[in-house]
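Here are some notes for a colleague who is about to look through this model.

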Amino acid sequence: MADKAKRRNSTYVPRPTGWWRDLLRRLRVENDGRRGGRPPAAKTDAPAGLGSLPRRPANFTGRRDQLAQLLEQLEPSFEPDSDKPTLTTIAGMGGVGKTTLAVEAAHQAASRGWFPGDVLFAYLKENASGDNSDVGSVLDRFLRDVGIKVKDVPPDDEGKIALWHAHLRKRAAEQQPVLIVLDNIHEPKLARELRPDPPHRMVVTSRQTLSTLPARPLPLKPFTSSEALELLDVTLRTAQPSDDRISVHHNDATELAELCGHLPLALHIVSALLRDEPDRPLADQVAELAEARTRLDVLAYDDEQGRPLAVRAAFDVSYRRLPPEVARTFRLLSCTPGADMSTQAISALLDRPTPSARRVVAALLRAHLLEKHPGERWAMHDLVRIFSVEQGTVCAEQDERKAATERLFKYYLTVAEAAQAHLDPAGIKTSTSTAPGLFATGAEALAWLEQERSVLVAVAVTAAPLGQHDISYLLARVLVTFLQLRRHLDDWVLVAKIACTLSTQLGDLALCIDDVANLGVALGNKGEHAEALKTLEYAARGFTALRQPAGAAGTVIERSSVLCRMGNHQEALEAAQEAQRMLEHLDDERRMALAKHAEGLALRHLGQAANALDAHTAGEKSFDRTGNPRGTAVSMNSRGIALRHQGKLQEALAVHRAAAEAMAQLEDPQGQAVALHGMGQVYLLMEEYDQAVEALSYVHHVMAENEDPVLAASAIYHRGMAHQGLGNWDAALHDFDLAVANFREIGDNSRVEAVQSQRGATLARQAMVQFQQGAFLEDHQRSGEAAAAFEQAARQAQESADTFRELDDTEREAAMLAFHEESLTRARRAALPAERTDRPTTGRM
């Protein structure tokens, strides 16, 4: 070759061994790079010996735990009986970063010297039929890459496989481990044929779960919020170090990451868009992504190498591999307006038996187009759901999407009514009810309603715009009892407004007035008092016009309840008594019981405990006669409060306990918590602080879990009082601080001041105890400890004074400042002997 070059007046420089092979590898990698759907790689040259491995990912962030797990798995073991699998499978949805993790781990493993034998990488492209599991073509490449001449490669697959494993055995004998990375496999066959024995390692990435392989699985999910923000920040700062949009505009950045579903591919695309416009506010990018219908259009970009990055394309690859029935299910699953679905709901949607429906959704789970949540529930990633809606819209007619949606909505209405029947047997009935006995107990019914609440409310909202007005209206009415019982106030007001709108459109005046009255009750419970009174007054006039005096009396009872919550107790009493007069000649003991209960509440707040006790007792008896055990238990608990206000603590405790037991039998944890709250307050008055702490802790737990912030805050405040009684100062202060935060959040400023006052008093008592301890220690010649105790007393006194200053309580502030000074004086005096002791002696020895 050198002689030929000389004759042509040229020069020839011999290439080092392996140079041509590495060049061929790099050309193949460059060709693979045009396949699309990958984040941009770093522009550094690949390390020696890694010619077939893509360049190291640029700005690798997140995945710290997964990277550590993968590297632990990759470390070669030369022990013949090692039980560590040689194969690791990285599976996850399209765009989740499987390739990026595998390539980063391969580079790190190679840099540690773990694989001197070679690092081989192959991206498996699909052929025209969608198959990419051709063992022969992959081995042709790998065998050439490891230096085997083409003429020595057998023509058949079996021969190639045998030669491949012979080469791996040779490398193992030479203690030269090899790492193989197969990217984007569909079926386990290829990995099974190529899987090496120790000490070699193989990493496989796939959009499909490959559970039949003898491998260590490493499932990948989208980033956490913090990982997503880190990726955005690092990527922008790499392009422009002064780009601080992510750190400065944290809320916008968080929303941007959420709109990307924390999916790495989507985040890379958004980063590229933001790099192109360094002066573009994040809020603008958020606004562009906010519209779900066009979000996937925005999430597309061509990188600097001309490779297309597109979230839609990434999902389409997985979608096109689905069998027809599974693909149809994928399209129909986006019919639900909720965040997730149960297997039973999917069965109704597909009109298939539950086992058959479950097999189909399990196939989508394996394809990582569906996620499984606890309780046999299934959900789509937000961006996958948008893709599903797109495909479902295109195929709506062939999928019979409208009929499937109707089946799903009817399922929710039917089961909701069956559940509601356990809560209120006399409640709403619909002509679609065909599922009696679905729930064995009220607890099962409540659990189902709670689990499906967000979906049920979403169905009530969306059914009417889709033309299913009857389902929307009936479901809105069916949900009232549950939402009222569990105090889901926002949802209650929402469905009440839906019912009002639809009954008005129906032109049924009687239904409309009934729905308006329910809306007034919901608004009153939510604290929108002025609007509630206006709505109830409108309903009262409607009932009167319809000559329905019982309905009119019911609105007056509810007006009494609203007035009582507003603190207008005299007006509330008058309204309750007016309702009783309206009901005197009507055979409606249920409403009479409610009126008596409302009267008792007003009387109790007016300080008329004896009269309140009589009213609650009468209401309790009326509820009992009407067969309303929940009403009986509520009135019983109110009777316990009236007894407590009279100072009859033992009687009050017994009544509260009986009410709690009744609520437990009704499987109503919130009602039980209300009764236990009463017990906790009685225990406080009886100075049985341990029992108070136990009862009130349960109340706080239940009410915080069930979104009743008022009672949760009250429970934590009274628990702080119990801790104070036990001398648990730190626990008391913790509870008071938590109660203040809760009362501030709900806007109850009067209770904020009351709790703050108690907090200041607790700090004062704590300071006094510390002061007394300091005096005791000083008397016993323990000067150093005494000084520390006095200093602690001074700090607590200062904090107490600061608390009273916030309350404009100048008298107690002045007292605590004086106590603060006295504590400091005693601390200095106690410290003097210790200081003298520390001085060096100057006398003779």
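Predicted model: local features only at pLDDT ≥ 70, side-chain atom pairs only at ≥ 80, totals over all residues.

1. Sorted by class, the contact of H28 with H29 consists of ten nonpolar, four polar and three charged residues.

2. As to the geometry of this pair, helix H28 covers residues 569-583 and helix H29 covers residues 589-605, and the two pack at an angle of about 155° with their axes 8 Å apart. Because angles over 145 degrees count as roughly antiparallel, H28 is roughly antiparallel to H29.

3. A second pair is formed by helix H14 (residues 311-320) and helix H18 (residues 382-394), whose axes come within 10 Å and cross at roughly 70°. H14 and H18 are therefore roughly perpendicular to each other, and their crossing is right-handed. On the H14 side the contact is made by Val311, Arg312, Phe315, Asp316 and Tyr319, and on the H18 side by Leu383, Val384, Phe387, Glu390 and Gln391. By class, the contact of H14 with H18 comprises six nonpolar, one polar and three charged residues.

4. How do H15 and H17 pack, and at what angle? Helix H15 (residues 324-332) and helix H17 (residues 354-366) have axes that lie 10 Å apart, at an angle of about 85°, which makes H15 roughly perpendicular to H17. In this contact Glu325, Val326, Thr329 and Phe330 of H15 meet Val360, Val361, Ala363 and Leu364 of H17, and the residues divide into six nonpolar, one polar and one charged.

5. Two backbone details deserve a look in the loops. Pro198 and Pro199 are joined by a cis peptide bond, for which omega is about 10°, and Pro199 is found in the loop between helix H7 (188-194) and strand E4 (201-206). Asn59, although it is not a glycine, has a positive phi of about 55°, and its place is in the loop between helix H2 (19-32) and helix H3 (64-74).

6. Rolling a probe the size of a water molecule over the atoms shows where empty space is left. The count comes to two cavities of 30 Å³ or more, and the largest cavity has a volume of about 70 Å³.

7. Which residues line the largest cavity? The lining is made up of Leu333, Thr336, Gly338, Ala339, Asp340, Met341, Ile346, Leu370, Trp378, Ala379, Met380 and Arg385. By class, the lining of the largest cavity has eight nonpolar, two polar and two charged residues. Arg385, one of the lining residues, falls within the range 382-394 given for helix H18.

Terms used. Residues numbered from 1 in each chain as written. Heavy atoms only, no water. 1 Å grid on protein atoms, 1.4 Å probe; cavity = no way out; pocket = protein on both sides within 12 Å on 5 of 7 lines; lining within 4 Å. Points joined across faces, edges and corners; volume = space filled by probe spheres on them. Nonpolar A, V, L, I, M, F, W, Y, C, P; charged D, E, K, R; others polar. Axes fitted to C-alpha atoms, helices over the stretch in contact; angles between N-to-C directions. Helix = DSSP H or I, 4+ residues; strand = E, 2+ residues; numbered from the N terminus. Parallel < 35°, antiparallel > 145°, perpendicular 65-115°, else oblique. Contact = heavy atoms within 4.5 Å. Left-handed = near helix turned anticlockwise from the far one by under 90°.
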